[in-house]
Amino acid sequence: MGGRGGSSGFGNGSIYSKLDIPQNNLKGKRFDASKLEGSEKQIQYAQSIINDAYNTADNEIERAIDSIKYYYANRDKYGYEQLAYSAAKARVFTESKKKLDETLNKTKTASGVIKNKNAIQSVLPQIRETLEQKYRKEYEEKYKKKFKK
């Protein structure tokens, strides 16, 4: 039956390679805001914003992977489109998270994080929206060939 892992036929992490999805290599990694300039209160608030962003990305990646497992197991019923959509989501949040990490590594002040709170907490939405359309089309083409009836 459902659940995580086991019965989906993917084994240990092979879902990423089988369906050509980059792995979430930053899981559990967090940018350390204590390196930023600012008051103790600003740094604590900046760290909270950063942690929320990483948690959002990790949760979205996990949700997408769960969807991928479901739609892969039921691809005859749902076709490859839902599988492609979920794969694109996983890839987009994985790459957005890397971009977030790069952006934060260039940040010098806690006030900079606070000023850009909405973009950071949403895991850089302008990047996500562009990539999501691109990757969905890319995965639909790949999966159309791979899983055609």
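Modeller: Start with Arg136 and Glu140. In this predicted model, their side chains meet in a salt bridge, with N to O at 3.5 Å. Both residues sit in helix 7, four residues apart, so about one helical turn separates them. How open are the two partners? Arg136 has a relative accessible area of 32%, so this residue is partly exposed. Glu140 comes to 23% relative accessibility. The cut-off for buried is under 20%, so Glu140 also counts as partly exposed.

Salt bridges that share partners join Asp20, Arg91, Glu95, Glu138 and Lys142.

Where is Asp20? This residue lies in the loop between helix 1 (14-18) and helix 2 (40-73). With a relative accessible area of 41%, Asp20 is partly exposed. Its backbone deserves a glance too. Asp20 has a positive phi, near 60°, and is not a glycine. Most residues other than glycine have a negative phi.

Lys99 and Glu102 form a salt bridge, and their closest N and O atoms are 3.8 Å apart. Both belong to helix 4. Lys99 is partly exposed, at 35% relative accessibility. Glu102 is partly exposed as well, at 42%.

Lys89 and Glu132 meet through their side chains in a salt bridge, 3.5 Å from N to O. Here the partners come from distant parts of the chain. Lys89 is in helix 4, Glu132 is in helix 7, and 43 residues separate them. Across the model, the count comes to eleven salt bridges.

How do helix 4 and helix 7 meet? Helix 4 covers residues 80-106 and helix 7 covers residues 125-146. Their axes come within 8 Å and cross at roughly 140°. Angles over 145 degrees would count as roughly antiparallel. The two helices are therefore oblique to each other. The crossing of helix 4 past helix 7 is right-handed. Which residue classes make up this contact? There are 13 nonpolar, one polar and eleven charged residues.

Next, the nonpolar side. The largest nonpolar core has 40 residues. Leu19, Ile21, Ile68 and Tyr143 have the most contacts inside this core. Helix 4 and helix 7 are among the elements that each supply at least two of its residues. Helix 2 gives the most, with 13 residues.

One last stop is Lys108. This residue is in the loop between helix 4 and helix 5. Is Lys108 buried or exposed? Its relative accessible area is 59%, so Lys108 is exposed. Which residue does Lys108 approach from elsewhere in the chain? The C-alpha atoms of Lys108 and Leu36 are separated by 5.3 Å. Along the chain, Lys108 and Leu36 are 72 residues apart.

Conventions
Residues are numbered from 1 along each chain as its sequence is written. This is a predicted model: local features need pLDDT of at least 70, side-chain atom pairs count only at pLDDT 80 or more; totals for chains, interfaces and linings use all residues. Side-chain values use heavy atoms; hydrogens and water are left out. Axes are lines fitted to C-alpha atoms, for helices over the stretch in contact, and angles run from 0 to 180 degrees between N-to-C directions. Angles under 35 degrees count as roughly parallel, over 145 as roughly antiparallel, 65 to 115 as roughly perpendicular and the rest as oblique. A crossing is left-handed if the near helix is turned anticlockwise from the far one by less than a right angle, and right-handed if clockwise. Ala, Val, Leu, Ile, Met, Phe, Trp, Tyr, Cys and Pro count as nonpolar, Asp, Glu, Lys and Arg as charged, and the others, Gly among them, as polar. A salt bridge is a side-chain nitrogen of Lys or Arg within 4 Å of a carboxyl oxygen of Asp or Glu. Buried means under 20% relative accessible area, exposed over 50%, partly exposed in between (1.4 Å probe, protein chains only). A nonpolar core is a set of buried Ala, Val, Leu, Ile, Met, Phe, Trp, Tyr and Cys residues joined through side-chain atoms within 4.5 Å.
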